[in-house]
Amino acid sequence: MQMNLFSNRRHRLSLLSMALVSALTITPVAADTVPAWPNADHQGTPSIYEVLDYHAGSRVSSPEQIRAYFEALQQAHPEQVKLVPYGETWQGRPLFYAVIGSRDNIARLDEIEAGMRRLADPRQTNERQARQLMNDLPASVWIASSVHGNEISPAEAAMVTAYHLLAARDGRTQNIMHNTLVYLDPLQNPDGRGRFVSRYYATIGLEPSTDRISAEHNEPWPNGRTNHYLFDMNRDWIALTQPETRGRIAALLQTFPLIFVDSHEMGGDLPYYFTPEAHPFNPFITSEQREGLNWVGENNADWFDQFGYDYFTREIFDAFYPGYGASWPLYHGSLSMTYEMGSARGHHFRTHEGEILTYADGVQQNFVAFMATIETASQRRQELLTRFYDYRKSGIDKGSRGDDRSYIFPNQRDLAGNRKLMALLAEQGIEVKQAQSDFRACNGRYSSGAFVVEAAQPSYHLIRTLLDVHVPMDEDFIAEQERLRANNLPDQIYDVTAWSLPLLFNVDMDICAQVPRVDTVAVGSERIQPGRVNNPDAAFGFAVAWGDMNSGRLLTAALREGLLVRSADRGFKHANGTDYPAGSLIIPRAGNPENLSAILSELAQASGAHVDGLERSWMQDGPNVGSANVQRMFAPNIALAWDTPTNVLSAGSTRFIIEREFNYPVTAIRPDRLAWSDLSHYNVLILPATSGGSYEQALGERGRENLRNWIQRGGVLITLGNATRFAISGEQPLLNSALEKKAQVDNIAEKPSGTRVAGNLIHDHDDHLRYLRDPDAGPDWVSGVIARANVDQEHWLTAGVHEQLHAMFIGSDIYTPLRITDGRNVVNYAGKDDVLASGFMWPENHEQIAHKPLVMVQPHGRGMVISFTQEPNFRAYLEGQHVLLMNSIFRAAAHARPLR
């Protein structure tokens, strides 16, 4: 379930909880009766009790215990169970899935999976061959559990399901095993679960508490939801930033399961949610797929009726954003869906009705949902196989006609971003090609090295979803959201409404109605193309053009090696005729080790940077090396606020980008230490966005003054998203900006003061709605769009950043621009006609953000404050803002003037 990141969503869940709780009847399940299934007659398989010494659902199993149980099953049934590793977490825990089936199907598992890959490519498999495969292939279901580590019962239910499939002797289960392969990914987030389990049992007392306000039901920061780097991995399926996601997608592209279940938990006052999903549906999900989701939901409902379990469908979790585990497989032709069990979040939980929900309840209900879904796959085997093949075939047909036949990436700037994006597409099963010579297409000229994605391939629907500039929501749905908003009711938009990868990467892309005629080579999943040093024996030194993450990675590596590096605030032309943009690096031989060439050759290879040898220092144009416009780069010590009130996701993605994308260490510091500690050791302090609190509360006036003094002495304070509220607060704010109220386009009655006020005439319904508005309200909340912004190319902070940038706009914070006497608005939203690049935004917000600041910088003494009014690190997929963030850290530290 989505973290409480958006306020309107919290309200929607609360309303739904109140509506459904009256119908919720809980009959607690005894742990020693799990799994319960008609006529199962379990035998011949080691139970959870026999392996782990406790009954299923009586204890929250650790990642190590879950692994141990599946290993025991494989040892007991080597002919029916295969454990397959698919990666390792940041903390070194193994990632694996189990394949369970009949002896015959497990014996020919490689052949079956190869058959699914052939069926997935109708270019290689004609309809006659496809029918032969369909007659032979079993159905397949992939059940992925507990991607959020504190959503605990699905992982336990995966163990129970495995036990039942192997131990049950009833005819129904035997039939399923005969014609169905079951893939169980029991633990998508072992690091998060490990965090939850250790904290839960460290908090529990003499007996488990049922009270929702008890310590054991309220995890400390960060809770177990996220992985090591505090990512919500249920949003990572299109960005593939985390090893857990990358490994899982690679496994799915080898197996192509017909049904994919992403099993979660939600608040314990709600019963059980399963497919079909809520509106809106992504337009690239077909009517046949939506019908298939109903097949699954109806059979689940029949089994829940039989067991007396309550459930609901369609009311919360939509299928619009493609980055969910419950969505991404749909665009490859599978059926995929979200399941949500009301969580005990421990052993016991008292609901609003006073009933006791147990952990065993959740395990049992998940087990029933899993088995019902597996049964649907078994019974609908032929139809599911046919529709899978037809979906893939239709993609080729659709991609071969129309105006979207190819996507061309010129690859003339930001080579690192282009390369990484192409690798991401390749990792997701999309065929990418690179031109080997110059060519023309759709009235454009392209150079050798341009990338081409042809639409006529089996992954057409995923291509359109990820690469189209805008994926529209249904107009009727939008009209309903406007109606709800007009009546001050929460909207039903569940997540961001824009995610176009070319926009997020800020790379150039042309959509063409023809397929280019040019020799190409296939592009693989290598995200970094090795760089090189040109003229390694050059007499003076070396230069590196600034402007992408290749040069950024080389900078951080050089600084960590202790090299002397300088960076130009303005572009320059070297004596050899080569132009270098602002920010470009100069690495002289003087002051560096004798083996500088060898060091840079190794760094270029790893970073992807191209390093040019310079015979002399003379510049034809622009600043020379000794100019005041050329800064020496220092290796800054970076501190990051870490703990309440920081937003877990903001803190995690920021640390991840700096440590794993920039390859540079960060020191995490708890906010209460910032209030009084000596910060002179640090050059840069980053305040992530907040959630459930504020820095004003955490730091107080003493903390504000401690930071102010540190900045005055040469520190660089960076605020992200709503952390900028801290910078503008107080009698002497660190940033002379302010939050705006909602811009009013018509007259609104003033708030009444006193018991008698001037009369108002309300002429019609629209007048009535205007009267109800709060004149002091902020702008309406926006769930997430991609906005265009214009970059001030004359400021050192934007060196190497393209003149136009794309940013996520989420929430309602709109800031006033800085006066020119206070600082600079170095990145501003575009005008109202251009600002919305993709997604749905309320018209009033659309107009109000025009020309407002996205990034501001204000000097203070020898230091400065840099404020991003929106998150530059949202989900770590705003690749196009990485250079700007790197400038804010490394170039800002060079421009600050602390005592060195």
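**Note on strands, a helix and a cavity in a predicted model**

1. In strand 25, residue D612 is the residue that N534 stands opposite. N534 falls within strand 19 (residues 532-534), which pairs with strand 25 (residues 610-614) in the parallel sense over three bridges. Helices (H or I, at least four residues) and strands (E, at least two) are DSSP runs, numbered from the N terminus, and two strands pair if DSSP finds at least two bridges between them.

2. The model is predicted: local features need pLDDT of at least 70 and side-chain atom pairs count only at pLDDT 80 or more, whereas totals for chains, interfaces and linings use all residues. Residues are numbered from 1 along each chain as its sequence is written, and side-chain values use heavy atoms, with hydrogens and water left out.

3. D612 has a further partner: A543 is bridged to D612 in strand 25. Here strand 20 (residues 541-544) pairs with strand 25 in the antiparallel sense, again over three bridges. Strands of a sheet pair through backbone hydrogen bonds, either parallel or antiparallel.

4. An open sheet is formed by five strands in the order 17-12-16-13-18, with antiparallel pairing. Its edges are strand 17 (510-512) and strand 18 (520-522), each of which pairs on one side only. On average, neighbouring strands of this sheet are turned by 30 degrees against each other, direction ignored; the axes are lines fitted to C-alpha atoms, and angles run from 0 to 180 degrees between N-to-C directions.

5. Within this sheet, strand 12 (residues 406-409) is joined to strand 17 by three bridges, and the two run antiparallel. Y407 has I511 in strand 17 as its bridge partner.

6. Helix 11 (residues 287-307) has 21 residues and reaches 31 Å from first C-alpha to last, close to the expected 30 Å (1.5 Å times one less than the number of residues). Its buried residues include W295, W303 and F304; buried means under 20% relative accessible area with a 1.4 Å probe, protein chains only. G308 follows the helix and has a positive phi, near 80 degrees.

7. How much space lies in the second largest cavity? The volume is about 60 Å³. A cavity is a set of points on a 1 Å grid over the protein atoms alone where a 1.4 Å probe fits but cannot get out; lining residues have an atom within 4 Å of a point. Among the residues lining this cavity are F256, F260 and W328. The lining divides into seven nonpolar, two polar and no charged residues; Ala, Val, Leu, Ile, Met, Phe, Trp, Tyr, Cys and Pro count as nonpolar, Asp, Glu, Lys and Arg as charged, and the others as polar.

Terms used. Buried means under 20% relative accessible area, exposed over 50%, partly exposed in between (1.4 Å probe, protein chains only). On a 1 Å grid over the protein atoms alone, a cavity is a set of points where a 1.4 Å probe fits but cannot get out, and a pocket is an open set with protein on both sides within 12 Å along at least five of seven lines; lining residues have an atom within 4 Å of a point. Grid points are joined across faces, edges and corners, and a volume is the space filled by probe spheres set on the points.
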